[in-house]
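Notebook open, structure loaded. I want to jot down what I look up as I go.

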Amino acid sequence: MAVDKESTKEKNPKEEKKKESTEEDYLPRGTSIKESKEDALPTKKRKEIVQIENLFGGEEVKKKAQVEKENRIKERKKQKEQKEKGEEDDEEDDGVDDNIQDEDEREVNQFIRMQTKAPEKAKRLDYFSLSTGTILLCSVHQINDLGMVLSLPFGQKGYVNITEVSDSLSRILEKSAKDEDISIPSLSEFFKEGQIVRAIIVKLGTAEDKRVDLSLKSSRLNEKLRFDSIRVGVQIDAHIKSVEEKGYTVSTGIENSKAFLNFDDAKNSEQKKLKVGQPIYAAVKDIKESTKMIFLTLDPKKTNARIKSDQVLNLSTLRPGMLVKTKVNTILENGLFVLFMDYFAGVF
């Protein structure tokens, strides 16, 4: 019986590899032997292979990769355009934490990002631009037995009931209703006509009467203030809570904190002796973190001093009448557009 010599020969691996390489050289560029063999398969078989690839996300992965590639191209194009215009990329870190939970700090962050494009005109403050919770700089126009009339910045009048002067005075009024021997201090002992005060809007009337009800209570004015946002030099509204041996205990309305005004630091007050329930406008002289104690002073050099940027941590720390460093940004038709405290803007 004849034996095929070719079948008895051992296959040489090097020769096989060389053969495959030679065959690949004759294939079109970008086509492999595997692809060539798949093309040679029947149409039905090729469809089965495609279906298997799709089952494992082959097409989906390709589409996703194509989309990502297109997005990268667009992003590079956008960055190039911004670089040519000398603008910063919106995706760069602007130093603002978007995850801050505190409402006041988020409000400050909004101001940091605010556009400094000046308005066409300065909007005049009037009754219709007011809202409850707004703090205004006012002057005492008239003092009555049961309240006061204040002059507002835009020529309007506002009204303060005697129950809205201070929390301590309100407690005295409550006690006097039960005990006739308790004397009620006169508002003229606390204030004088023309005196500058800060007041918060507690209620607005109708568009017809345009009534504005105000409060001088530190608990309302400082409702959003926190102890950890207070810095030495900051000016705050408060009232005398009691008279002690070495000074006055003061109520600031700030939760979890105490305040004290030494007699020596109260010497510059226009009145020789302050009374319980009397509102004051003081500057922070010192802070004791361990006891949550705030020491105040009535020294005009402190209460009228310019506020620095590092002393204002949020909007609640700002008060109408504070002296701040301001830069004129634009001269408007009827006023000025200014920047102050590094990241705030306003109009005059």
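What covers the buried residues of α7? I looked there before anything else. Among the cover I find α8 (218-221) and β6. For the record, helices (H or I, at least four residues) and strands (E, at least two) are DSSP runs, numbered from the N terminus. Cover here goes by contact, meaning heavy atoms within 4.5 Å.

Ground rules before I go on. This is a predicted model, where local features need pLDDT of at least 70 and side-chain atom pairs count only at pLDDT 80 or more, while totals for chains, interfaces and linings use all residues. Residues are numbered from 1 along each chain as its sequence is written, and side-chain values use heavy atoms, with hydrogens and water left out.

**Entry: α7.** I get twelve residues for α7 (residues 167-178), with 18 Å from the first C-alpha to the last. That is close to the expected 16 Å, the expected span being 1.5 Å times one less than the number of residues. Its buried residues are D167, S168, L169, S170, I172, L173 and S176. My scale: buried is under 20% relative accessible area, exposed is over 50%, partly exposed is in between (1.4 Å probe, protein chains only).

**Entry: K241.** I followed β6 (residues 235-243) to K241, which sits in that strand. K241 is partly exposed, at 46% relative accessible area. Not counting residues up to four places away in sequence, K241 touches S168, T249, V250, S251 and V276.

**Entry: cores.** A nonpolar core here is a set of buried Ala, Val, Leu, Ile, Met, Phe, Trp, Tyr and Cys residues joined through side-chain atoms within 4.5 Å. The largest one has 23 residues, and L150, F191, L214 and L216 have the most contacts inside it. I listed the elements giving it two or more residues: β1 (135-143), β2 (147-151), α7, β4 (196-204) and β5 (212-215). A second, separate core has 21 residues, including F227, V234, A266 and I294. Back to L150: leaving aside neighbours within four places in sequence, its contacts include V140, V197, A199, L214 and L216.

**Entry: rings.** I count three aromatic pairs. Rings of Phe, Tyr and Trp (its six-membered ring) pair if their centres lie within 6.5 Å; planes under 30 degrees apart are stacked, over 60 edge-to-face, the rest tilted. Y127 and F128 have centres 5.5 Å apart and planes at 85 degrees, so I logged them as edge-to-face. Y127 is buried at 8%, whereas F128 is exposed at 58%. F190 and F191 are edge-to-face too, at 6.3 Å and 75 degrees, and both are buried.

I also checked charges over rings (NZ of Lys or CZ of Arg within 6 Å of the ring centre and within 35 degrees of the ring normal). R198 has its charged end over the ring of Y281, 3.5 Å from the centre. R211 does this with Y159, at 4.4 Å.

**Entry: β10.** Four of the five residues of β10 (residues 293-297) are buried. Strands pair if DSSP finds at least two bridges between them. I see β8 (residues 258-262) running parallel to β10 over four bridges, with L261 partnered by L296. On β9 (residues 279-288), the pairing with β10 is antiparallel over five bridges, and I287 stands opposite I294. β9 and β10 make a hairpin with four residues between them, and K292 in the turn has a positive phi of about 55 degrees.
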